[in-house]
Amino acid sequence: MLLVDGRPAGVALEGLQLVDQFETENGYLLVTDYNDPWEELTVVTLLDAGLKPVAKKQLGRFFYVFPSRTFAAKRIDVDGDALVMQGSSPEEGRYRVEVRRSPAWLGARLKLRAAWFAS
């Protein structure tokens, strides 16, 4: 549950702990993870100015029950409007996460685009 000034904001985020947060012109990017060695996934959630979830992207992939490619962010850098997240080991590589406007039938929507790179 997301807290703002110590009070519940009515928003449930995926994951167990808030790793970092960034304010952008498109809203707020919140980075969470599971803080669990068996489920090392990082989740980036985009909230609008009213704290309504707009888009979400999981970094790492589940294969049946266990993640097939784990990812735990060790370092997060800002590159223009994108976040570049370095994994906690060379095998985890790095992700570049960008907010993109995509055309939709009823108008443009904001989406998160993630690209993975080997270290």
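Which residues line the largest pocket?

First, the ground rules. This is a predicted model, in which local features need pLDDT of at least 70 and side-chain atom pairs count only at pLDDT 80 or more, while totals for chains, interfaces and linings use all residues. Residues are numbered from 1 along each chain as its sequence is written, and side-chain values use heavy atoms, with hydrogens and water left out.

Now the pocket. Its lining consists of Leu-2, Leu-3, Val-4, Leu-18, Gln-21, Phe-22, Glu-23, Tyr-28, Leu-30, Leu-47 and Leu-51. On the definition: on a 1 Å grid over the protein atoms alone, a pocket is an open set of points where a 1.4 Å probe fits, with protein on both sides within 12 Å along at least five of seven lines, and lining residues have an atom within 4 Å of a point. The space in the largest pocket is about 160 Å³; grid points are joined across faces, edges and corners, and the volume is the space filled by probe spheres set on the points.

Strands S1 (3–4), S3 (17–24) and S4 each give two or more residues to that lining. S3 has the largest share, four residues. Strands here are DSSP runs of E, at least two residues long, and helices are runs of H or I of at least four, numbered from the N terminus. Sorted by class, the lining has nine nonpolar residues, one polar and one charged. In that scheme Ala, Val, Leu, Ile, Met, Phe, Trp, Tyr, Cys and Pro are nonpolar, Asp, Glu, Lys and Arg are charged, and the others, Gly among them, are polar.

Two of the lining residues deserve a separate word. Leu-2 lies in the segment before S1. Is Leu-2 buried or exposed? Its relative accessible area is 10%, so Leu-2 is buried; the cut-offs are under 20% for buried, over 50% for exposed, and partly exposed in between, with a 1.4 Å probe and protein chains only. Leaving aside neighbours within four places in sequence, Leu-2 is in contact with Arg-7, Pro-8, Ala-9, Gly-10, Val-11, Leu-13, Leu-30 and Leu-47, where contact means heavy atoms within 4.5 Å. From Leu-2 to Ala-12 is 10 residues in sequence and 6.0 Å in space, C-alpha to C-alpha.

The other is Leu-51, in the loop between S5 and S6. Leu-51 is not a glycine, yet has a positive phi of about 65°. With a relative accessible area of 23%, Leu-51 counts as partly exposed. Asp-5 also has a positive phi, about 55°, without being a glycine. Asp-5 sits in the loop between S1 and strand S2 (7–8) and is exposed, at 77% relative accessible area.

Next, the chain as a whole. There are zero helices and 12 strands. Of its 119 residues, 34% count as buried. Among contacts with a separation of 6 or more, 29% are between residues 24 or more positions apart. The accessible surface comes to about 7700 Å², with 51% belonging to carbon and sulfur atoms; the areas come from the Shrake-Rupley method with a 1.4 Å probe, and for residues only the protein chains shown count as cover.

On to the cores. A nonpolar core is a set of buried Ala, Val, Leu, Ile, Met, Phe, Trp, Tyr and Cys residues joined through side-chain atoms within 4.5 Å. The largest has 16 residues, of which Leu-29, Val-44, Met-85 and Leu-112 touch the most other members. Two or more residues each come from strands S4 (27–33), S5 (42–47), S6 (53–59), S10 (82–87), S11 (94–102) and S12 (109–117). S11 gives the largest share, three residues. Apart from this core lies another, of five residues, including Leu-2, Val-11, Leu-13 and Leu-47.

Beyond four places in sequence, the residues that Met-85 touches include Val-31, Val-44, Phe-71, Ile-76 and Val-97.

Thr-45 lies in strand S5 and counts as buried, at 4% relative accessibility. Again beyond four places in sequence, Thr-45 touches Leu-13, Tyr-28, Leu-29, Leu-30, Ala-55, Lys-56 and Leu-112.

Last, Asp-77, in strand S9 (residues 73–79). Asp-77 is partly exposed, with a relative accessible area of 32%. Outside four places in sequence, Asp-77 is in contact with Ala-82, Leu-83 and Val-84. The C-alpha atoms of Asp-77 and Arg-96 are 9.5 Å apart, at 19 residues along the chain.
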